[in-house]
Amino acid sequence: MHAWRRSAGWSAGLAATLALVAVVSAAIGPVRIPPTEVVKAVLNALTLPAGVETTSQGVGPLTVSGVNIAYRSPFAFPVDRVHQQIVVGVRLPRILMAALVGFALAAAGTVMQGFFRNPMADPSIIGVSSGAAVGAVAFIVFPVALSTTLTLPLVGAVDVTLSHGAGVSLFAFVGSLAAAFGVYAIATRHGRTPVATLLLAGVAIQTFLGAVISYLQLQAGESLRRIVAWLMGHLSGAAWSDVAVTAVVVPPLFVVLLVYARDLNVMLLGEEEAQGLGIAVERTKRILLAASALITAAGVAFAGVIGFVGLIVPHMLRLVVGPDHRVLLPSAALAGGSFLVAADTVARAGSTELPVGIVTAAVGAPFFIYLLMNREVHEL
Amino acid sequence: MTAELPAVGEAGSPTPDGADPPPIEVSDLSVSFGDVPVVSGVDLRVERGSLVGLVGPNGAGKTTVLRAIKGTLSPDAGAVRLDGDPAESLSAREAGRRVASVPQETSLAFDFPVRQIVEMGRTPHLGRFDGHGPDDERAVREAMDAAGVARFADRAITEVSGGERQRVLLARALAQEAPSLLLDEPTASLDVNHAVRTLELVRGLVDDGRAALAAIHDLDVAARYCDELVVLANGGVRAAGPPEDVLTAAALRDAFDAETFVGENPATGTPTVTAFDAIDGGEPDDGGAGSEPTDSGSEPTDSVEPRRVHVVGRGRSAGRAVARLAVAGHAVSVGVVPEGDAAAGVAADADARAVTAPPFAAVPSERRDEAVALAREADVTVAVGKAGRAGRTDPETGDEAGANAAVLAASDRIVRVDDNFGADDLLDAVRERDGTDASDR
């Protein structure tokens, strides 16, 4: 119980930090908005389901003819209308997206470092990022209109149209999972997946997919610029719909990882010993791999390849809270959220916006070198 | 939970008289890595209250057998039963409650505190969301005290020494509170003090009713602490039984491909094993024969025909001669020596015949005649140290020196060596004195 209590303490503190970073971030930009107004604007935007009405005129996102869920805004602070729009319509979705992506990448990085018992592992180690990049780049180079009329039983004909951005995300998501599954399938024999084989298969697949990406870039022509921007990682243009999708995918997967945190601790002793201590090793490995691949895919599908968050944040937090994954996993995830929000704020604060991947790498790499010089990482 | 176990056990293995099935039972186990068979047809069982030692040369498959019992590798054939149930039918969790194991070494990339490593031993007893209850805390505390790791419980596992780390692993296994214990070289990196403490601890647990199977490379240690030894060599069980039955020169030659002298440890009274190079013919001594002090122009030989050798002398040096000659395969006798002499003790261990006489007294004439007869039968008589000069004594003198003079007088060939003789010189001299053997070559 002790570890979980410690975990809750750290999580509360880091969640508060994340909220603080988010508020400060929302205040920063071409239009400066006082933090108090940011808070008021956010509170104003809160809507809560307040009951069920039986009008035929729906206003909320859920509209069923005849039955409506009524929404009510509990707060009505006086806030400048433009400010309200900037905070809630523009900055907040981007900040939440950054928080979710950073949360997902740091959580997956923590799990991968434990899983591979290697402090150099990161979420892309099983090919997830490369797969996402191939999917996204392929879609950018050869866009297909994702607009079909599905004829579903019961419902009838439904028009389904995906925007270009959503198409990129979808292809990236599918590509990342395909790559991760390919790596897993290559490394698995007779129901066992040796970690070392998995690592090497990941390297091989990443190299191969790197070649595919380079070739696609040669063929890209005018879309090269967009490819480069995607590959560097970006959070601009995040809309509430993107946030909604990510917010539905990431937290449940994180809960799965957290449930296996203690097993992950025991797995650090080595697979044989973990088996001897009652862990169903192969099954646990499959679950951890699948959940980390999915949570990483959810992050990179929208934001592109954002490096260093999944490598550095788990390291920093391990130095602070120790190696126990019950404490480390939530702490690193929340800190990863704060880190990416802060990095994205830097990325968009200048006169020209930078891809956030440049900021995380430019800040992360020197910090990592600092850790190396202080021998902190050697000891891990 | 305890209520359901016997029922499953009954279904799993029919045991006569309703006796509990043994905690660990391995039958006809075969394991291979790819096409390479590692062990085949291994049978062993460990009862409650019994410590069984798994001994054998490097690469004999000791660790493989332990891993098969743990369930971390699946056998090609045969069965492992834990408390009567087939091991493969048990969940990892259930197996973890029945068998705890102390691995040879551990690799830890992250700096967990020692206490937390020990706490991990409780894993098979905890549900996914359970915290540590009072039972768990008691088990962890007792395990740390017993293994002597409480003192550094808050240090990081990466910061403790190799020996301390091995004790942490022992503590973790103890915290598991499983009725069976598997140990893989539990004392390999421990100093003598901690090695003994560890084995005394395991011995105590076994005496309290647990079952333990330990792979041990140190035969003396194995003989001292184990109730039974299983000798594993060339992929199979070569011998099994109480240490004094299993540790014989013949069994050890078979298993280790080495010549050994099995004596009795004077401090513990348990068998002690000393190994020598395999004497499968020695080295051909081409042309170097001229340097031999007893060379008489005979051709060098490169094989050892077992010979009857009689040793005259007393004390440790004569004992050493008896041991080395016996290990080399010669049929050895010794005498006359005082009762309780070191040479007589060695002769008893080596199954060599010793003619003894009461100390500080005249040698009874029938004893003297017995020794003389042995020397007369022998191909070679070896006179060690002062006994070599006994020839100058009047054989009719009634004391030991006189008896030895009579023995030497009866001998065909005599090899004289001093107290600090080199073992190889002795063996060469005995061999070279043998004219018939040399002429064959």
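Predicted model: local features only at pLDDT ≥ 70, side-chain atom pairs only at ≥ 80, totals over all residues.
Of the 240 residues in the largest nonpolar core, Ala107(A), Val322(B) and Val382(B) touch the most other members. A nonpolar core here is a set of buried Ala, Val, Leu, Ile, Met, Phe, Trp, Tyr and Cys residues joined through C-beta atoms within 7 Å. A residue counts as buried if 20 or more other C-beta atoms lie within 10 Å of its own, as exposed if 12 or fewer do, and as partly exposed in between, with C-beta atoms placed from the backbone. The largest share of this core, 18 residues, is contributed by α3(A). Helices (H or I, at least four residues) and strands (E, at least two) are DSSP runs, numbered from the N terminus.

Residues are numbered from 1 along each chain as its sequence is written, and chains are lettered from A and ligands numbered from 1 in the order in which they are written.

Across the boundary, 13 residues of domain 1 of chain A are in contact with eleven residues of domain 2 of chain A; two residues are in contact if their C-beta atoms, placed from the backbone, lie within 7 Å. On the domain 1 side, the elements that give two or more residues are α1 (2-27) and α3 of chain A, and α3(A) gives the most, with six residues. By class, this side of domain 1 has nine nonpolar, two polar and two charged residues. Ala, Val, Leu, Ile, Met, Phe, Trp, Tyr, Cys and Pro count as nonpolar, Asp, Glu, Lys and Arg as charged, and the others, Gly among them, as polar.

Between the chains, 23 residues of chain A are in contact with 24 residues of chain B. On the chain A side, α9 (261-267) and α10 (271-276) are the elements that give two or more residues, and the largest share, four residues, comes from α10(A). This side of chain A has twelve nonpolar, six polar and five charged residues.

Chain B comprises 16 helices and 17 strands, and 46% of its 441 residues count as buried. Five of its strands form an open sheet in the order β15-β14-β13-β16-β17, with parallel pairing; two strands pair if DSSP finds at least two bridges between them. Because β15 and β17 of chain B stand at the edges, each with a single partner strand, one side of each is left without a neighbour in the sheet. From one strand to the next, the twist averages 20 degrees. Four bridges join the parallel strands β13(B) and β14(B), and Arg308(B) has Ala331(B) as its bridge partner in β14(B).

Helices pack on this sheet. Helix α11(B) touches β13, β14 and β16 of chain B, and its direction makes about 165 degrees with that of β14(B). Helix α12 (residues 342-349) of chain B lies across β14 and β15 of chain B, running at about 150 degrees to β15(B). Axes are lines fitted to C-alpha atoms, for helices over the stretch in contact, and angles run from 0 to 180 degrees between N-to-C directions. Helix α14 (residues 400-410) of chain B is largely enclosed by the rest of the structure, because eight of its eleven residues are buried. The buried residues of α14(B) pack against β13 (308-312), β14 (331-338), β15 (353-357), α13 (365-377), β16 (380-384) and β17 (414-417) of chain B.

Ala323(B) lies in helix α11 (residues 315-327) of chain B and is buried, with 23 other C-beta atoms within 10 Å. Leaving aside neighbours within four places in sequence, Ala323(B) is in contact with Phe261(B), Val346(B) and Ala350(B).
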